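Here is a short briefing on one protein chain. Please read it alongside the sequence and the model.

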Amino acid sequence: MPFYYFDSGLSFGILLNLICCIQTFGSCYLYFQANDLLKWPNSITKIGFILFGRSFIFLYNTITAFTCIGIVVIYFNLIG
């Protein structure tokens, strides 16, 4: 069970889970709409390059790298 069920209770935990599902659905919907509007790009970095320029690629990859490193640290803290 996720930790927010223990901290906030079952009913509020289910509500938080539902909110996360709605946000995921919304972001996927926006991604597919942008992909349809711009026709040729098939990744988030290409869409960001069209909209924001070359600096978006470095920003996106840096955020992704820090997120991946943070997830590994959290796993080590939980398991180890």
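This is a predicted model: local features need pLDDT of at least 70, side-chain atom pairs count only at pLDDT 80 or more; totals for chains, interfaces and linings use all residues.

Residues are numbered from 1 along each chain as its sequence is written, and side-chain values use heavy atoms, with hydrogens and water left out.

**Overall form**
- The chain has a radius of gyration of 17 Å, whereas a compact globule of 80 residues would have one near 12 Å. The radius is taken over C-alpha atoms, and the globule rule is 2.2 Å times the number of residues to the power 0.38.
- Along the principal axes, the C-alpha atoms fill a box of roughly 45 × 30 × 15 Å.
- Of the 80 residues, 9% are buried. Buried means under 20% relative accessible area, exposed over 50%, and partly exposed in between (1.4 Å probe, protein chains only).
- Among contacts with a separation of 6 or more, 3% join residues 24 or more positions apart. A contact means heavy atoms within 4.5 Å.

**Helices**
- The chain has 4 helices and 0 strands. Both are DSSP runs numbered from the N terminus: helices are H or I with at least four residues, strands are E with at least two.
- Helix H2 covers residues 10–38, 29 residues in total, and reaches 42 Å from first C-alpha to last. That is close to the expected 42 Å, a span defined as 1.5 Å times one less than the number of residues.
- Lys39 follows H2 and has a positive phi, near 65°.

**Aromatic rings**
- The structure holds 3 aromatic pairs. Rings of Phe, Tyr and Trp (its six-membered ring) pair if their centres lie within 6.5 Å; planes under 30 degrees apart are stacked, over 60 edge-to-face, the rest tilted.
- Phe56 and Tyr60 are stacked, at 5.9 Å centre to centre with 20° between the planes.
- These two residues sit 4 apart in helix H4 (residues 55–79), so about one helical turn separates them.
- Phe56 is buried at 17% relative accessible area, while Tyr60 is partly exposed at 29%.
- Ring pairs link Phe52, Phe56 and Tyr60 into a cluster.

**Cysteines**
- The whole structure has 0 disulfides, a disulfide being two cysteine sulfur atoms within 2.5 Å.
- For Cys20, the nearest cysteine sulfur is that of Cys21, 7.0 Å away. Cys20 is partly exposed at 39%.
- The sulfur of Cys28 lies 11 Å from its closest cysteine sulfur, in Cys21, too far for a bond. Cys28 is partly exposed at 36%.
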